[in-house]
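Please read this report with the sequence and the model side by side.

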Amino acid sequence: MKSLVILDKIGEDNNKMVKIILFGPQGSGKGTQAELIEKEFGIPSVSTGNIFRDNMERGTELGKTAKDYIVKGHLVPDSIILRIIENRLKEKDTKNGFLLDGFPRNKVQAEGLAKITDVDAVIEIDVSDKESIKRISGRRTCKCGAVYHVFYNPPRILEICDKCGSKLFQREDDKEDAIRKRLEIYHSETKPVISFYGEKSIKINGEQSIEKVFENILSELKKRNPTK
Ligand code: AP5
């Protein structure tokens, strides 16, 4: 297994890279943890969901195409996703590594990623479907990508983003039918992909506080760091 060189502020040392994938069902807290990991390691979080939402908001061709799939809870076609990832991972800000949130979601995407790059660690945030649904129903999202929850992680000012001051909204794919479809796809197509990564995968109990989940992620990554 390739050595995992992490857990200092890697941005301060260009020889260090960290490449992480975050897996987990809808509402497990991938986006929430991605924001924390991004800050901790100074690597960009690449969220395919956020890329689509940004394009939908701006009314681009990609946004119009993706919307038809997203509102029904279906996956956007693999060819589109793979092109986006390949281009995104060529950008300069990924020189110290990256965190993939929401990709890969099936075997074809995992095989496509393996042709583009290797990864160091694969984190699976484990929560039950019941908990997923509870969290999604209280989620509020900002166009800047920040994620809140009306009870568990509220913004300082009601319905306003702490980071950019924009009005928060409820996602169109957070309706009951779409949520059920998304969870079904997660169990049948996405979860089986985790086994593809063998020893690199780390399972975290996601049914704890946001802080505790983050603490567990850091300590599990540390355990796998042979240089520390
Ligand atoms: P995407 O945006 O990736 O959605 P998702 O995978 O369905 O995941 P979610 O964003 O719903 O949940 P999350 O795990 O990030 O949880 P969050 O941090 O928000 O994708 C959307 C769509 O785009 C897909 O359905 C698909 O159509 C398309 N797409 C994207 N990638 C694709 C790909 N690779 N291939 C094809 N199509 C693709 O947390 C949820 C809530 O819980 C929040 O309110 C949060 O505040 C709260 N919370 C978080 N952690 C905790 C905690 N520990 N305790 C209590 N509350 C918590």
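A residue is called buried if its relative accessible area is under 20%, exposed if it is over 50%, and partly exposed in between, with a 1.4 Å probe and protein chains only. The model is predicted, so local features need pLDDT of at least 70 and side-chain atom pairs count only at pLDDT 80 or more, while totals for chains, interfaces and linings use all residues. Residues are numbered from 1 along each chain as its sequence is written, and side-chain values use heavy atoms, with hydrogens and water left out.

Glu 159 has a relative accessibility of 23%, so it counts as partly exposed. This residue is found in the loop between β6 and α7 (176–190). Helices (H or I, at least four residues) and strands (E, at least two) are DSSP runs, numbered from the N terminus. Although Glu 159 is not a glycine, its phi is positive, at about 65°. The bond between Phe 103 and Pro 104 is a cis peptide bond, with omega about -5°. Pro 104 sits in the loop between β3 and α5 (107–116). As background, most residues other than glycine have a negative phi, and most peptide bonds are trans.

Is strand β3 buried or exposed? In β3 (residues 97–101), 5 of the 5 residues are buried, so the strand is largely enclosed by the rest of the structure. Gly 97, Leu 99 and Asp 101 point one way from β3, while Phe 98 and Leu 100 point the other way.

Two strands are said to pair if DSSP finds at least two bridges between them. Strand β1 (residues 18–23) pairs with β3 in the parallel sense over 5 bridges, and Leu 22 has Asp 101 in β3 as its bridge partner. Strand β2 (residues 45–47) also runs parallel to β3, joined by 3 bridges. Here Ser 45 stands opposite Leu 99 in β3.

Thr 48 belongs to helix α2. With 4% relative accessibility, Thr 48 counts as buried. A polar atom of the Thr 48 side chain lies 3.1 Å from the backbone oxygen of Gly 102.

**Around the ligand**

The table gives polar contacts, that is, pairs of N or O atoms within 3.5 Å.

| Residue | Part of the residue | Ligand atom | Distance |
|---|---|---|---|
| Gln 26 | side chain | oxygen | 3.3 Å |
| Val 76 | backbone | nitrogen | 3.0 Å |
| Arg 182 | side chain | oxygen | 2.7 Å |

On its own the ligand has 1000 Å² of accessible area, and the protein covers 97% of this. These areas come from the Shrake-Rupley method with a 1.4 Å probe.

**The whole chain**

The protein chain has 8 helices and 7 strands. Buried residues make up 49% of its 228 residues. Along its principal axes the C-alpha trace spans about 45 × 40 × 35 Å.

How values were computed:
Polar contact = N/O pair within 3.5 Å; in protein donor to acceptor, adjacent residues only side chain to side chain.
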